[in-house]
Amino acid sequence: CRLHKHCLRSCGATAYRVLLEKLCTQLVQNYTSSQQSPYLYAASICITSYGNDPSCTQLLLEMLTEMGKVSFGMLRSLEDFRNNPDVVEELFFLADKTISCCPRPFVTSPMLHPFIQCAAVAMKLDHSDANRGTLTFLESAISFGLTLTGDANDATCKQALEHSIVQEGQHITTNLIQALLGELPCYRVTAKKGSIAGILSKLHRLCPGMLSGWMQQSPFANRSETEKGILLNSLSQQHPSSSSREDLFSGFERFASVCSRNKKMRGS
């Protein structure tokens, strides 16, 4: 994997293009037999290098599909996720690269929903790098939804993304709230990319009504009015073009801090 990575970067994507198909085939075969994360990492390099080339899209999507199927076959329980944190990390960084470099083919493929469904479970994993990969992919997927307009070219993408978000939104929102409350591992309340604040704030922009309903069906509904007000004010005051990202993030951090302090005072 390292050899191909350095060769690709040294030769350049254009010169290395003639080997891409054989490389993708080899990566899938090796990953299928070994189930080792370096092959996922190498696949991410391929996506980064060729994802913007329409002539490579189908090949790359087929690689992602096969690697996804192998991974989902491995990760059938939370214990499987715990035993393979490196696979979880690289799997979702691979998915993030795909939705960043060639989003439309990925979003309209049958693989989007299984990846989001898997991410909803992976969020519970107590591993910082795996958590970063999972949240980064989820935030990228929602960010792509915010770029879609109402024209016909985006209609299929929008429908596919909405289907997955509607199906898994409650689970994802509950997990994020539980992390803020200290009931699940919480590594990334805020971050430049891939954070609890980033995902919830973008869900609020993408589907505010649904997010409100999901939050009311989560442990958030049981918090005090003061606690809830901190988070709701942060969400309602955000604006996509404003420079108040720091204010948004500070609101999430304050909510987590206040809930943690109150939890300690209650002795729970």
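Q: Is Cys 46 buried or exposed?
A: Cys 46 is buried, and its relative accessible area is 1%. Please keep in mind that this is a predicted model.

Q: Is Cys 101 buried or exposed?
A: Cys 101 counts as buried because its relative accessibility is 16%, and the limit for buried is under 20%.

Q: New topic: the nonpolar core. Which residues touch the most other members?
A: They are Met 63, Phe 115, Phe 137 and Leu 180, in a largest nonpolar core of 86 residues.

Q: Which helix gives the most to this core?
A: Helix α5, which covers residues 57–74, gives the most, with nine residues.

Q: How many residues of α5 are buried?
A: Of its 18 residues, 13 are buried, so the helix is mostly covered by the under 20% limit.

Q: What length does α5 reach?
A: From its first C-alpha to its last, α5 reaches 26 Å, close to the 26 Å expected at 1.5 Å a residue.

Q: Back to Phe 115. What is it in contact with?
A: Leaving aside neighbours within four places in sequence, Phe 115 is in contact with Leu 64, Gly 68, Phe 72, Leu 91, Phe 92, Ala 95, Phe 106 and Phe 137.

Q: Now helices α9 and α11: at what angle do they cross?
A: The axes of α9 (residues 112–122) and α11 cross at roughly 5 degrees and come within 9 Å. The two helices are therefore roughly parallel.

Q: Which residues make the contact?
A: On α9 they include Leu 112, Ile 116 and Val 121, and on α11 they include Leu 161, His 171 and Asn 175.

Q: Last one: where does Asp 154 lie?
A: Asp 154 lies in helix α11, which covers residues 152–180.

Q: Buried or exposed? And what is Asp 154 in contact with?
A: Asp 154 is buried, with 5% relative accessible area. Apart from neighbours within four places in sequence, Asp 154 is in contact with Arg 104, Thr 147, Leu 148 and Thr 149.

Methods. Residues numbered from 1 in each chain as written. Predicted model: local features only at pLDDT ≥ 70, side-chain atom pairs only at ≥ 80, totals over all residues. Heavy atoms only, no water. Core = buried A, V, L, I, M, F, W, Y, C linked by side-chain atoms within 4.5 Å. Buried < 20%, exposed > 50% of the residue type's maximum accessible area, 1.4 Å probe, protein only. Helix = DSSP H or I, 4+ residues; strand = E, 2+ residues; numbered from the N terminus. Contact = heavy atoms within 4.5 Å. Expected span 1.5 Å × (residues − 1). Axes fitted to C-alpha atoms, helices over the stretch in contact; angles between N-to-C directions. Parallel < 35°, antiparallel > 145°, perpendicular 65-115°, else oblique.
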